[in-house]
Amino acid sequence: LLASFSDAQNAQQCPNAKATFQTYSTSQLLMSRETVFIVDMEVSCGAKGNPEALFLHADVNGEHVPVVRASKTTFQVSWSAPHAKAKTGTYPVRIYDEEGYAALRKAIRNGQSADSVKPLFSVDINHKGASRPGFFVQTEFIAVMTVLLIWWYANSTKGRLTE
């Protein structure tokens, strides 16, 4: 009786939940030690809903990732991985409410597929990989080589003129 009351109450807290997403993943190797993935989401409920009552959980490739509330209706999911392990590709992020996440854990405990539990929201992060921006050779090296060439040319020209 208590569990059914809790399910009914949570379903009423945010009926017809919808979310808009913004995603980010690290693209430059020089600026970070690890690849960072971030999902920002703005959650809206129906006219009678209350997104403040939501407590969300995320599942990324079978691992639990915390969902942080940034404001009354904004949530954020973020995680990091070493550049070598953060391969180029699509990373599915499944967002669950408390009941959905409990059902997911139960399904996994019972040996069922995680796909058997429908998430509240789902978003894909398309990670293009982190790379080194700019020239293959650093600009400082080019500047030093240019100065050395100018000095060598000036010194050799001076030597020819004084002969």
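Me: Leaving out residues up to four places away in sequence, which residues does V77 touch?

Reply: This is a predicted model, in which local features need pLDDT of at least 70, side-chain atom pairs count only at pLDDT 80 or more, and totals for chains, interfaces and linings use all residues. Residues are numbered from 1 along each chain as its sequence is written, and side-chain values use heavy atoms, with hydrogens and water left out. Taking contact to mean heavy atoms within 4.5 Å, and not counting residues up to four places away in sequence, V77 touches F37, I38, V39, M41, A58, V65, P66, V67 and I95.

Me: Which residues have the most contacts inside the largest nonpolar core?

Reply: A nonpolar core is a set of buried Ala, Val, Leu, Ile, Met, Phe, Trp, Tyr and Cys residues joined through side-chain atoms within 4.5 Å, where buried means under 20% relative accessible area, with a 1.4 Å probe and protein chains only. In soluble globular proteins, nonpolar side chains tend to be buried together. The largest core here has 23 residues, and those with the most contacts inside it are M41, V77, W79, V93 and I95.

Me: Is A58 buried or exposed?

Reply: A58 lies in strand β3, residues 57-60, a strand being a DSSP run of E with at least two residues, numbered from the N terminus. Because its relative accessibility is 0%, A58 counts as buried.

Me: Which backbone nitrogen does the side chain of T26 reach?

Reply: T26 sits in the loop between β1 (18-25) and β2 (34-44), and with a relative accessible area of 6% it is buried. Leaving aside neighbours within four places in sequence, its contacts include S32, V36 and H127. At 2.8 Å, the side chain of T26 reaches the backbone nitrogen of V36.

Me: Over which residues is the pLDDT below 50?

Reply: The pLDDT is the predictor's confidence in each residue, from 0 to 100, and the protein chain has a mean of 83, with 90% of its residues at 70 or more. Where pLDDT is low, the predicted coordinates should not be read in detail. The stretch with pLDDT below 50, which has four contacts in the model beyond near neighbours in sequence, covers residues 1-11.

Definitions and conventions: Helix = DSSP H or I, 4+ residues; strand = E, 2+ residues; numbered from the N terminus. Buried < 20%, exposed > 50% of the residue type's maximum accessible area, 1.4 Å probe, protein only. Polar contact = N/O pair within 3.5 Å; in protein donor to acceptor, adjacent residues only side chain to side chain.
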